[in-house]
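Let's walk through this structure together, starting with charged side chains and then turning to a helix. Have the viewer open as you read.

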Amino acid sequence: MESTITGEFATRREAELAVEHVVQECGVARGDVFVQPAGAANSSGTQPAGADAKAAPAPQGREKLEGAIQVSVDFHGDEPEKIADALRGAGAKTVRTK
């Protein structure tokens, strides 16, 4: 069964972790996993994390924390719930299948 499973993440770190889980644990080819901003804004997520988080408390004005990050997986197997669970496990706020 072919489907696209999409999760939305608050941080770039969560999105990158989701990609690794889907590829390594679920066996999805890296070419079938796509990462992009969830909306029209060029965003790194809605919350700073990992390399985006700075020790300085004041933002420097260049951060693009304007929207969620979307990870989409083109899935060609019989267990799409395994992919959805991997996305949720990495921190997806929402997961949908189409």
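**Salt bridges and a helix**

Searching the whole structure, which is a predicted model, turns up two salt bridges. One of them joins the side chains of Arg96 and Glu8, with an N to O distance of 3.7 Å. This pair ties together distant parts of the chain: Arg96 sits in strand E4 (residues 94–97) and Glu8 in strand E1 (residues 3–9), 88 residues apart. How exposed are the two partners? Arg96 is partly exposed, with a relative accessible area of 43%, and Glu8 is also partly exposed, at 21%.

The other salt bridge is formed by Asp85 and Arg88, whose closest N and O atoms are 3.4 Å apart. Here both residues belong to helix H2 (residues 80–89), and they are three residues apart, about one turn of the helix. Asp85 is partly exposed, at 48% relative accessible area, and so is Arg88, at 45%.

Now turn to helix H1 (residues 12–25). Its 14 residues reach 20 Å from the first C-alpha to the last, close to the 20 Å expected at 1.5 Å a residue. Which residues of H1 are buried? They are Ala15, Ala18, Val19 and Val22. Because these residues cover an arc of only 100° around the axis, they lie on the same side of H1. That buried set packs against E1, strand E2 (33–37), strand E3 (69–75) and H2. On the face of H1 turned away from the buried side you will find the exposed residues Arg13, Gln24 and Glu25. Just after H1, Gly27 adopts a positive phi of about 75°.

Conventions:
Residues are numbered from 1 along each chain as its sequence is written. This is a predicted model: local features need pLDDT of at least 70, side-chain atom pairs count only at pLDDT 80 or more; totals for chains, interfaces and linings use all residues. Side-chain values use heavy atoms; hydrogens and water are left out. A salt bridge is a side-chain nitrogen of Lys or Arg within 4 Å of a carboxyl oxygen of Asp or Glu. Helices (H or I, at least four residues) and strands (E, at least two) are DSSP runs, numbered from the N terminus. Buried means under 20% relative accessible area, exposed over 50%, partly exposed in between (1.4 Å probe, protein chains only). The expected span of a helix is 1.5 Å times one less than its number of residues. The arc is that of the directions from the helix axis to the C-beta atoms. Contact means heavy atoms within 4.5 Å.
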